[in-house]
Amino acid sequence: MMRKSYYQKLAFMVTLLTVLFAYQKYTSREKEPFPEVTFIKDASIPVNLSDFDPNTLDNEQWQKLGFSEKQTATILKYKDIVGGKFTSKEQLKKCYAISEEKFSELASFILLPEIAEKGDSKRFTTYGKKGIMISGKFNPDQFSANDWLKMGFSERQSEAIIKYRNYLGGSFISKEKFKECFIISSENYSKLEPYLLLPTKTPENFRNSVKNNPVKSKIQYHPFDPNQLGLDEWKALGFSEKQAITIINYRDRNLRGNFKSLDDLQKCFVISAEKFQEMKPYIKLQEKQQEQTDFSKTDLNTITFKQLIEFGLDERSAGSIIGFRKKLGGFMNKQQILSTYNIDRDLVQKLISTAPLNTSDVPRYSLAEAPEEWLKNHPYFKYSADKIIFYRISNPDDKKIWKLLKLKSEYEERMKLYVK
């Protein structure tokens, strides 16, 4: 019996040691290193954001949208990869430098179709596979946009290369300067470099000659007021149609139709710092002489948001008053205005003491005849709407309906303001 007990204990100890040994071996295994993950932080969306075409934005303008330098470089490189032009929001969304959250904030402002047409997506897909084709040595100063197209660059890329050459004064000067053209990737440059008929280095006097002989703008500027310009006038200043539309939308929607300062204009992200400095000497902002509102003759049921701001209310107070008035269909007494949420009570008290209230156009109904939609949407009736609709089927009499509702006196009193 003792011998049996001894073997049982021995077997238990061997089992335990085996389990411990196996566990130690498992836990001591060298773990695979987890790949380092770098998160790209989203910058905040600028307050002055308006409609824009991502195909027209340069490095600086992407950064004005809140992207970092690295994110901007990635976006521009991605644009080159897809053929030099984003064809849809769907395509832009695939750029990994733009997070889903960031894209959702920008999406409503992007001037692109949701999904690319079949022809467009096909064209840009083949471009990525095709690459550039070089037939022999060439002088890029003599190339037209069509020559760059034949080589394999997109239409936009070809135009950008010509623009860059014009910016340099009509010549690429050297391979060194040619390499600085942001449209030409380092990979494409390494393919083109052996065939370029250009000096390797830029002459030392090049910078001085550029300073002394800057490329003159073709635009003939005259003094102008940016608050008076329409689409054609902005285009005449050198902006594309989409850029001009963006500037007008920014002025009319974001700034309520008026650039109040040069700073307001400079903040519009489609206007580069260079372009702004070019226009600045000609900008003449004229102050609008607004007719002052006579509040002693302004009906509180028709007073506008702008007039409330003019009186001195902030946007929050003005918005609350206009919003509550709209829900009610109009105020029936001045106390309703004073009881509106989120207002400057002292200033509103001053307003209602000054301005009159005309209630003649405010909709009023009997309980028996009030439209169902009106009952269900009106702030004073919506909580009792279903009961009123039910009771009036068999009791189409206001006095009986009021009795059946059994409401608190204060609720009944404010409802009766809108009852005939």
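## Contacts of E60

E60 touches S272 and A273, leaving out residues up to four places away in sequence; contact here means heavy atoms within 4.5 Å. E60 and A273 are 213 residues apart in sequence, yet their C-alpha atoms are 8.4 Å apart in space. E60 lies in helix α2 (residues 59-64). Helices are DSSP runs of H or I with at least four residues, numbered from the N terminus. The relative accessible area of E60 is 32%, so E60 is partly exposed. The scale is this: buried is under 20% relative accessible area, exposed is over 50%, and partly exposed is in between (1.4 Å probe, protein chains only).

## Basis of the model

This is a predicted model: local features need pLDDT of at least 70, side-chain atom pairs count only at pLDDT 80 or more, and totals for chains, interfaces and linings use all residues. Residues are numbered from 1 along each chain as its sequence is written, and side-chain values use heavy atoms, with hydrogens and water left out.

## Nonpolar cores

The largest nonpolar core has 39 residues. Such a core is a set of buried Ala, Val, Leu, Ile, Met, Phe, Trp, Tyr and Cys residues joined through side-chain atoms within 4.5 Å. W234 and I271 have the most contacts inside this core. At least two residues each come from α3 (69-81), α5 (100-106), α13 (241-254) and α15 (273-279). The largest share, 4 residues, is that of α13. Apart from this core lies another, of 36 residues, including I303, I321, A370 and M415.

W234 has a list of contacts beyond its neighbours within four places in sequence: F224, P226, L229, F239, A244, I247, I248, R251, F259 and L265.

## Rings and charges

There are 20 aromatic pairs. Rings of Phe, Tyr and Trp (its six-membered ring) pair if their centres lie within 6.5 Å; planes under 30 degrees apart are stacked, over 60 edge-to-face, and the rest tilted. Y250 and F259 form a tilted pair, because their ring centres are 6.0 Å apart and their planes are at 55°. Both residues are buried. Elsewhere, ring pairs link F138, F143, W148, F153, Y164, F172, F178 and Y189 into a cluster.

Two lysines sit over rings. The charged end of K102 is over the ring of F67, 4.5 Å from its centre. The charged end of K275 is over the ring of F239, 5.2 Å from its centre. The criterion is NZ of Lys or CZ of Arg within 6 Å of the ring centre and within 35 degrees of the ring normal.

## Helix α17

Helix α17 (residues 315-328) has 14 residues. From first C-alpha to last, α17 reaches 20 Å, close to the 20 Å expected at 1.5 Å a residue; the expected span is 1.5 Å times one less than the number of residues. S317, A318, S320, I321, F324, R325 and L328 are buried in α17. They cover an arc of only 160° around the axis, so they are on the same side of α17. That arc is taken from the directions from the helix axis to the C-beta atoms. On the other side, R316, K326 and K327 are exposed.

The buried residues of α17 pack against α16 (305-311), α18 (334-338) and α19 (345-354). Just after α17, G329 takes a positive phi of about 90°.

N342 is not a glycine, yet has a positive phi of about 55°. N342 lies in the loop between α18 and α19. Its relative accessible area is 45%, so N342 is partly exposed.

K406 also has a positive phi, near 50°, and is a residue other than glycine. K406 is in the loop between α22 (398-405) and α23 (409-415). With a relative accessible area of 73%, K406 is exposed.
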